[in-house]
Amino acid sequence: MACLQEEQTGSGSGFGSGTGSFLLRKANHIAKLTNLTHAALSHVPQVPQRDQQQMHMDVFETLQYLTSYIESIKNPLGTKENPARTCRDLVDCKYKRDDGKYWIDPNLGCSTDAIEVYCNFTSGGQTCVKPATPGRFNFTIGKVQMNFLHLLSAEAAQMVTVHCKNSPVWRTPHRSIPGVKFKTWSGPVYHYGGPFQPEVLEDNCMKEDGKWHRTRLLFTTTDVHHLPISDVVIPEDKRLGLHYRIEISPVCFI
């Protein structure tokens with residue numbers, strides 16, 4: 001108390017006087033806070049035991065839900081209610097699955113926009129999206145989901161088969177007759193002699209003998225935004241007897 005007394009009488013050294021004043025103010029401040037805290041706590045209503053039990057149950061149910069939700073993300077089932085991002089996610093899970101149809105949701109948003117795809121686990125977990133209409137370049141997946149699927153993939157592949165009669169598709173017997181052009185999802189065009197080339201598995205459409213033939217082209221690329229093929233540009237030709245029929249395979253990502 002010597003320092004406090006010196007502060008109150010105004011005597012003593014400067015050090016003792018300043019320190020005593022600071023300690024006294026600090027002590028008074030702490031005392032006021034303590035009194036206010038006690039007063040506040042005294043007005044807090046006590047929670048009945050039954051309500052405490054209900055609170056504990058609510059917390060426990062919330063923890064159970066979060067645990068289940070995290071588990072569903074780590075180990076998706078590939079169902080409409082619990083879709084995976086891609087088929088490859090199902091390969092990494094603890095459940096062994098056979099090739100077949102599963103549900104995916106690449107953007108992991110609301111499961112209502114999940115899509116049914118074919119999962120080829122034999123080929124490492126390919127995610128294959130089929131055309132919505134046979135012979136047409138529209139697919140059972142929206143642009144947003146397709147963009148996310150592109151982001152989650154490293155390679156894409158798709159086969160296009162053109163059945164033809166007197167109608168060149170890829171190579172043409174005459175330079176004056178251009179071949180068919182294939183427009184990609186992101187814009188670039190595949191055509192004979194162009195910068196982007198598919199693998200030509202078969203090309204018998206050069207024959208102009210009045211019979212049906214076919215050309216099969218396999219588009220494989222690490223620039224996954226190219227696929228699927230979005231349209232075909234058939235050159236104008238006034239010759240009679242030209243016939244085309246296009247067959248489109250699913251586009252597969254991995």
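How many cavities of 30 Å³ or more does the protein chain hold? The count comes to 1; point 6 returns to this cavity.

1. Basis of the note. The model is predicted, so local features need pLDDT of at least 70 and side-chain atom pairs count only at pLDDT 80 or more, whereas totals for chains, interfaces and linings use all residues. Residues are numbered from 1 along each chain as its sequence is written, and side-chain values use heavy atoms, with hydrogens and water left out.

2. Overall architecture. The protein chain has 5 helices and 11 strands (DSSP runs numbered from the N terminus, with helices being H or I of at least four residues and strands E of at least two). Of its 254 residues, 31% are buried (buried is under 20% relative accessible area, exposed over 50%, and partly exposed in between, with a 1.4 Å probe and protein chains only). Among contacts between residues at least 6 apart in sequence, 61% join residues at least 24 apart (a contact means heavy atoms within 4.5 Å).

3. Salt bridge R85 to D89. The model contains 4 salt bridges (a side-chain nitrogen of Lys or Arg within 4 Å of a carboxyl oxygen of Asp or Glu). One of them joins the side chains of R85 and D89, at 2.8 Å from N to O. D89 is buried, with a relative accessible area of 16%, while R85 is partly exposed at 33%.

4. E202 forms a salt bridge with R214, and their closest N and O atoms are 2.8 Å apart. This pair links distant parts of the chain, since E202 belongs to strand 7 (residues 199-203) and R214 to strand 8 (residues 212-221), 12 residues apart. R214 counts as partly exposed, at 34% relative accessibility. E202 also forms a salt bridge with R216, with the closest N and O atoms 3.2 Å apart. R216 lies in strand 8 and E202 in strand 7, so this pair ties together parts that are 14 residues apart in sequence. R216 is partly exposed as well, at 24% relative accessibility. Through shared partners, the salt bridges join E202, R214 and R216 into one network.

5. Aromatic pairs around Y190. The count of aromatic pairs is 6 (rings of Phe, Tyr and Trp, the last by its six-membered ring, with centres within 6.5 Å; planes under 30 degrees apart are stacked, over 60 edge-to-face and the rest tilted). Y190 and F196 form a tilted pair, 5.7 Å centre to centre with 45° between the planes. Y190 is buried, with a relative accessible area of 3%, whereas F196 is partly exposed at 31%. The ring centres of Y190 and F219 are 5.1 Å apart and the planes stand at 85°, so this pair is edge-to-face. It links distant parts of the chain, with Y190 in strand 6 (residues 189-190) and F219 in strand 8, 29 residues apart. Both Y190 and F219 are buried. One aromatic cluster is formed by W170, F182, Y190, Y192, F196 and F219.

6. The largest cavity has a volume of about 40 Å³ (a cavity is a set of points, on a 1 Å grid over the protein atoms alone, where a 1.4 Å probe fits but cannot get out, and lining residues have an atom within 4 Å of a point; points are joined across faces, edges and corners, and volume is the space filled by probe spheres set on them). The lining includes T86, C87, R88, L149 and F253. By class, the lining has 5 nonpolar, 4 polar and 1 charged residues (Ala, Val, Leu, Ile, Met, Phe, Trp, Tyr, Cys and Pro are nonpolar, Asp, Glu, Lys and Arg charged, and the others, Gly among them, polar).

How values were computed
On a 1 Å grid over the protein atoms alone, a cavity is a set of points where a 1.4 Å probe fits but cannot get out, and a pocket is an open set with protein on both sides within 12 Å along at least five of seven lines; lining residues have an atom within 4 Å of a point.
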